[in-house]
Amino acid sequence: MERVSPLTVYTPDMFMRNFAEFEPGLTRKGAIEESNRCLYCYDAPCIKACPTGINIPSFIKRIATDNLKGAAMAIMDANPVGASCSRVCPTEELCEGACVLNSASAPIEIGLLQRYATDWAAASGQTLFEAGLPNGKKVAVIGGGPAGLSAARELARKGFEVTVYEAKPLAGGLNTHGIVSFRLPQSISLWEVEQVEKLGVAIHTGVKVGVDITVEELKAEYDAIVLAAGMGYVPPLGIEGERLSGVYDAIELVETTKTGIPNLELMGRNVAVIGAGNTAIDAATCSIRLGAANVKMVYRRTRGEMTAYDFEYEFAKQEGVEFSWLTMPRRIVGDAEGHVTALECVRMKLTGETGKDGRLTPMPVEGSEFLLPVDAVVVAIGQNRRTELIEALGIAHDRGVVAIDAATGRTSDPQIFAAGDIVFGSGSGEAMVVSAAQQGKNAAYAIAKQLLGWQDTVVGSAV
Ligand SMILES: Cc1cc2nc3c(=O)[nH]c(=O)nc-3n(C[C@H](O)[C@H](O)[C@H](O)COP(=O)(O)OP(=O)(O)OC[C@H]3O[C@@H](n4cnc5c(N)ncnc54)[C@H](O)[C@@H]3O)c2cc1C
Ligand code: SF4
C-alpha cells in the first residue's frame, strides 16, 4: 500500500494501487505443491466445518491433477459464491481450522486453493452449470446478495422460473458493494452474478420491492418468494453531533470505494472509527488507504470482546490502525462551520458481569471524560433491520429478525422463505457470506420439496 503525507494529492492512480487486491493468489506450481500436501482424509473434518459442505479433498485432488474445471465445479456446485468465499471466509475458524494437519505442521491453504480454481474458471470464461428442465413453477427472490443468488441458482437448476429483484444497480449484495475491494474485487462477485444469469435467471436491478413493485404483486404472481434482503446501513449512535460534516456511515464509506473513486475528505485527516466488528475494520483500513494520517478504532469493551476476527485485527494493525479500548463516545464536537473537530469520550471498565450475548458488560468510569481531536468520525455499530419490508410481507419477526424454521427457511407465511442476514439475530454466531449461501440453498430445496414434492436436499457437493 502506498503511504501518503497530508500534502500529497490523492490521485486516481493511487486509488487504483491502494484498492487493488493485496493478497497474491497461488501460482500453478504453488497450487500443485499445496494440493499434494493434502492427506485426502476419509470423512474429512474440513467438509463438515464448511457451512456449504464443499467436498474439499475432491476439489484439491482435481487441482493436483490439473483438472481445474472439475475443481471449480466441485466448489461452485456446493457454494454458488465460492469465488468470493475463497477470499472472505474466516478459514481459520472454518475449513482450515478443522484440517488435521494443524496438529502436525500447517493446515492446507484451502481458501487460496479454492481461489486458484475459481479464478481460473472466471478468467477462462467458463459456464459451469445448466438450468433444469422447466417445471412450470415461478419463484421471486427479493435481494441479489449471496443468499438470494444461491437460492436463485439452485432453483434454476431445478427448473424453476426465477426472477431476482435487486434494489441496487448491480447485484451481488455486500460482496459487490460492502466488502473492501482490496480483499474482494467487485469483478469476482459480478462473475458469480453472471453464472446465475447464464441459467436463465432474470435479475431486475434497480427495483426495490415495496417501492417499485408491491409485495401484493409478488404474492399474486409467484408460487413462492425468497426474502434475502440482508440488513441496511448503520443505525444512529444517538449522541449529539451526528449530523456534523465529517461524520460517515461505515457501510456507505466502504460502498463509495467499491463503485469508483470516492469524494471523501480523509486525506491527511485524523479519523475515529466507532465499533470493532467486520465493518469497523473494513472502514478503518479503507480510511488508511484513502490517505488518513491517523485512524483510531474506539471501542467500549476490550480486544477480548471485539467481534472482528483475529486475522482482521492483525491486518488492521499491520495497516497502521490504532485501537482505543474501553472507550465510549459521548458526543461529537464541531466547529462554527459544522465540521467535526473532536470526539468526546469516557473511559470504561468491565464490570465482571456477563450480558445476554455472553460478553462482559462495560460501564463508564465517571470523571474520566476526555476529548480525542479528530477531523472525521466513522460510525460502525451494526446494521439496521429491514423491518418495513418484513412487515409489508406480513411475516413474523423479532425486532427485524425474520422468524424461520431453521432447516427450511420457511417463514410464518408458507409462501415465503427467508435466508441470509435478514434472519441473522444476535447470539447466532457471525453473519457470513458462506452461511448466507447455505441458507439460500436450503430455502431453494425446501421450495422444491413444498411445490414439487422433491426430497433432494443435498448439503455437500454432488459433483
Ligand atoms: C463491511 C462488511 C464486511 C464484511 N466482511 C465479511 C467477511 O470478511 N466475511 C464474511 O463472510 N462476511 C462478511 N460480511 C458479512 C456478509 O457480507 C453478509 O453476511 C452477507 O453479505 C449476507 O448476504 P445476504 O445475501 O443475506 O445480504 P446482502 O449481501 O446484504 O444482500 C442483500 C441484497 O438485498 C438487496 N435489497 C435490500 N432490500 C431490497 C428490496 N426492498 N428490494 C430489492 N432488493 C433489496 C440489497 O440491495 C442487497 O443487494 C461483511 C459485511 C460488511 C457490512
Ligand atoms: S466456502 Fe469458506 S469455509 Fe467452505 S471450504 Fe471454502 S473457504 Fe472454507
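Colleague: Helices (H or I, at least four residues) and strands (E, at least two) are DSSP runs, numbered from the N terminus. Given that, where is the place of Arg153?

Modeller: Arg153 is in helix 9, residues 146-157. One caveat first: this is a predicted model, in which local features need pLDDT of at least 70, side-chain atom pairs count only at pLDDT 80 or more, and totals for chains, interfaces and linings use all residues. Residues are numbered from 1 along each chain as its sequence is written, chains are lettered from A and ligands numbered from 1 in the order written, and side-chain values use heavy atoms, without hydrogens or water.

Colleague: Is Arg153 buried or exposed?

Modeller: Arg153 is buried, because its relative accessibility is 3%. The limits are under 20% relative accessible area for buried, over 50% for exposed and partly exposed in between, with a 1.4 Å probe and protein chains only.

Colleague: Strand 1, then. Why is it largely enclosed?

Modeller: Four of the five residues of strand 1 (138-142) are buried, so the rest of the structure largely encloses it.

Colleague: What does strand 1 pair with?

Modeller: Strands pair if DSSP finds at least two bridges between them. Strand 1 runs parallel to strand 2 (161-166), with five bridges, and parallel to strand 4 (224-227), with four. Ile142 stands opposite Tyr165 on the strand 2 side, and Val139 has Ala224 as its bridge partner in strand 4.

Colleague: Which residues come nearest to ligand 1?

Modeller: Ligand 1 has 33 residues around it (a heavy atom within 4 Å), and Val88, Glu166, Arg183, Val209 and Asp421 come nearest. Backbone atoms also approach the ligand: a polar one of Leu174 is 2.9 Å from an oxygen atom of ligand 1. A backbone N or O atom of Pro146 lies 3.2 Å from an oxygen atom of ligand 1, and a polar backbone atom of Tyr165 is 3.4 Å from a ligand nitrogen.

Colleague: Different topic. How many disulfides does a search of the whole structure find?

Modeller: Zero, taking a disulfide as two cysteine sulfur atoms within 2.5 Å. Cys46 is in none, and the nearest cysteine sulfur, on Cys41, is 6.6 Å away. Cys46 is buried at 9% relative accessibility, and Cys50 is buried with a relative accessible area of 10%.

Colleague: What about helix 13: how many of its residues are buried?

Modeller: Seven of the nine residues in helix 13 (250-258) are buried. They are Ala250, Ile251, Leu253, Val254, Glu255, Thr257 and Lys258. Their cover includes helix 1 (12-18), helix 10 (174-177), helix 11 (186-197), strand 5 (247-249), helix 14 (278-289) and strand 13 (376-379).

Colleague: And what follows helix 13?

Modeller: Gly260, with a positive phi near 150°.

Colleague: Last one: how do strand 10 and strand 11 run?

Modeller: Antiparallel, with four bridges between strand 10 (340-354) and strand 11 (360-364). Lys349 has Met363 as its bridge partner in strand 11. The two strands form a hairpin with five residues between them, and Gly358 in the turn has a positive phi of about 85°.

How values were computed
A polar contact is a pair of N or O atoms within 3.5 Å; within protein, one must be able to donate a hydrogen and the other to accept it, and residues adjacent in sequence count only if both atoms are side-chain atoms. Contact means heavy atoms within 4.5 Å.
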